[in-house]
Amino acid sequence: MNPLAPIGRAFIAFMHGVGHFAVFAVQALSHCVRPPFYPRQILRQVIDIGYYSLPVVGMTTLFTGMVLAIQAYSGITDVGAEVAIPTIVVVAVTRELAPVLAGLMVAGRIGASMAAEIGTMRVTEQIDALNTLSTNPMKYLVVPRLIAGALMLPCLVLVGDVIGTFGGYLIGVYRLGFNASAYLSNTWDALETIGVISGLVKAAAFGFTIAVMGCYHGYTSRGGAQGVGAATTNAVVSASILILILNYVITELFFSR
Amino acid sequence: MTDPQATAAGRPAKIELRDVHKAFGSKHVLNGVDLTIAEGESVVVIGGSGTGKSVMMKCILGLLKPDAGSVHVDGRDTTHLSGSERDRLMRHFGMLFQGAALFDSLPVWQNVAFGLTQAKRLARAEAKDIALSKLAAVGLGPEVGELSPAELSGGMRKRVGLARAIATEPDIIFFDEPTTGLDPIMGDVINDLIVKCVRELGATALSITHDMASARKIADRIAMIYGGRIIWAGPVSEIDRSGNDYVDQFINGRAEGPIQMQIREG
Ligand SMILES: Nc1ncnc2c1ncn2[C@@H]1O[C@H](COP(=O)(O)OP(=O)(O)O)[C@@H](O)[C@H]1O
Ligand SMILES: [Mg+2]
């Protein structure tokens with residue numbers, strides 16, 4: 001028995017999975033631009049991903065903004081704190097924290113439910129039924145989720161930017177006793193277009209990633225309830241890891257010099 | 001052994017399987033299935049659990065790609081159709097799945113109307129009228145239309161699945177184990193509905209089952225699948241004198257005989 005054989009086998013299986021996924025992603029993208037479209041399905045996903053994720057994204061960014069202000073204050077002792085804290089909060093929230101935290105929270109919420117819903121449809125033959133009703137499941141199930149994911153995550157992140165910054169403001173003004181209007185004008189001065197734009201680009205990429213991983217794992221799941229459970233876990237884990245990797249890549253593209 | 005190619009006299013073949021093979025990994029499920037279904041005929045394929053009946057049906061529908069061999073519908077080779085060509089072909093088909101496969105995100109009437117609103121692009125109001133009339137045809141009142149599939153019993157699910165399969169008035173209808181999991185009386189109700197719906201549409205029907213009572217009621221012709229092949233096919237009236245030991249063992253439900261049950265799937 002060759003001791004390298006299991007490693008080789010695992011590697012081949014991995015590459016097989018990557019190839020399989022690549023074919024799925026390319027197919028899904030090509031269906032995004034070809035009719036028929038299902039506006040009703042897109043709307044349903046927009047509400048599900050955008051609207052119903054607002055509370056979780058709002059809570060996450062609010063408390064993160066608050067914590068950030070406290071931590072920044074405890075680390076800064078000199079007199080510049082009134083300028084430094086609003087700057088740190090708004091830059092960190094818009095560039096990194098809102099997109100990454102919103103991405104991870106939505107990956108848990110939406111990635112899991114997409115994989116579970118589509119996976120259940122797969123194992124109960126509902127996807128086959130779509131085919132026999134002359135409806136392409138890629139177009140009916142996958143495309144609306146991809147579009148809604150890529151569109152709604154930036155909206156959520158924009159909301160998260162505002163709420164996260166507001167969290168810092170709450171701490172700055174009510175706990176640290178900063179002047180309210182000075183805090184706001186310092187925040188405004190520190191706000192940069194590239195920070196917000198890069199955050200929104202990240203959000204769109206994360207939203208697409210979450211949806212494509214959820215759909216892929218659901219679509220290819222098999223083996224009953226256990227298979228659907230595995231698909232759900234894999235969708236969330238792979239989306240979360242890809243979000244962190246993509247975050248690094250996009251940060252390099254925008255900010256390295 | 002009766003020639004599996006022999007069809008009801010004189011009618012053109014609606015569906016033709018020629019030497020269809022399908023394997024999953026090292027497991028060969030279909031090993032050269034030949035089957036011809038004439039226009040307007042009702043064929044029932046019988047065979048034990050796990051012998052590849054559903055796989056055969058999915059190969060015809062294009063849900064699975066045969067590894068070798070071909071599938072012809074109306075004389076046209078449809079084995080390698082995909083995309084919108086496949087979607088167009090599917091308008092000729094209706095299918096009742098084993099577990100009914102109702103869309104649980106949609107109320108019952110939208111399930112039934114699905115082929116009308118999505119594929120035929122009918123207006124919702126019009127599609128709803130047709131859906132309710134199809135529900136009535138399978139013995140379900142309009143109040144059922146507003147329920148969610150999760151609220152239905154097994155027999156009702158099958159009926160809704162049947163209504164959905166006939167809603168677009170297809171010329172070919174497939175039934176995958178229509179009576180499995182139902183009590184004998186509900187099973188017979190479904191059999192009667194199938195016979196009635198198929199006759200009204202003048203459709204070609206292919207059913208798979210291991211329920212002989214159902215097979216005798218629905219079929220014009222019966223074919224038996226074993227070892228990945230059709231080993232016998234003939235008119236329903238000849239099933240009791242097929243002269244085939246495998247068929248005899250199956251229809252009489254005997255444990256002893258040439259068919260050895262695979263206890264372990266392998
Ligand atoms: N998608 C699939 N992947 C792997 N194996 C499958 C698949 N579909 C069916 N099989 C296997 O093929 C065999 C025949 O299945 P099926 O056609 O569903 O049997 P039945 O005659 O009871 O309908 C089974 O052993 C099943 O495990
Ligand atoms: Mg089956």
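Reply: A definition comes before the helix questions. Axes are lines fitted to C-alpha atoms, for helices over the stretch in contact, and angles run from 0 to 180 degrees between N-to-C directions. Note also that this is a predicted model.

Me: At what angle do the axes of helix H5 and helix H6 of chain B cross, and how is that arrangement classed?
Reply: H5 of chain B covers residues 154-167, and H6 of chain B covers residues 184-201. Their axes come within 11 Å and cross at roughly 10°. Angles under 35 degrees count as roughly parallel. That crossing angle therefore makes H5(B) and H6(B) roughly parallel.

Me: Which residues of H6(B) make the contact with H5(B)?
Reply: H5(B) brings B:Gly155, B:Lys158, B:Arg159, B:Leu162 and B:Ile166 to the contact. By class, the contact has 9 nonpolar, 1 polar and 2 charged residues. From H6(B) come B:Met186, B:Val189, B:Ile190, B:Leu193, B:Ile194, B:Cys197 and B:Leu201.

Me: Which element gives the largest share of the shell around ligand 1?
Reply: The shell holds 12 residues, and B:Lys27, B:Gly50, B:Lys53, B:Ser54 and B:Val55 come nearest. By class, it divides into 3 nonpolar, 6 polar and 3 charged. Strand S2 (27-38) and helix H1 (53-61) of chain B each supply at least two shell residues. The largest share is 3 residues, and it comes from H1(B).

Me: How many helices and strands does chain A have?
Reply: The C-alpha trace of chain A spans about 65 × 55 × 35 Å along its principal axes. From the N terminus on, its elements run α-α-α-α-α-α-α-α-α. The count is 9 helices and 0 strands.

Me: Where in chain A is the cis peptide bond that ends at A:Pro36?
Reply: The bond runs from A:Pro35 to A:Pro36, with omega near 0°. A:Pro36 lies in the loop between helix H1 (5-32) and helix H2 (39-51) of chain A.

Me: What is phi of A:Glu125?
Reply: A:Glu125 lies in the loop between helix H4 (81-123) and helix H5 (126-132) of chain A. Its phi is positive, in a residue other than glycine. The value is near 65°.

Conventions
Residues numbered from 1 in each chain as written. Chains lettered and ligands numbered in written order. Predicted model: local features only at pLDDT ≥ 70, side-chain atom pairs only at ≥ 80, totals over all residues. Heavy atoms only, no water. Near = heavy atom within 4 Å. Helix = DSSP H or I, 4+ residues; strand = E, 2+ residues; numbered from the N terminus. Nonpolar A, V, L, I, M, F, W, Y, C, P; charged D, E, K, R; others polar. Parallel < 35°, antiparallel > 145°, perpendicular 65-115°, else oblique. Contact = heavy atoms within 4.5 Å.
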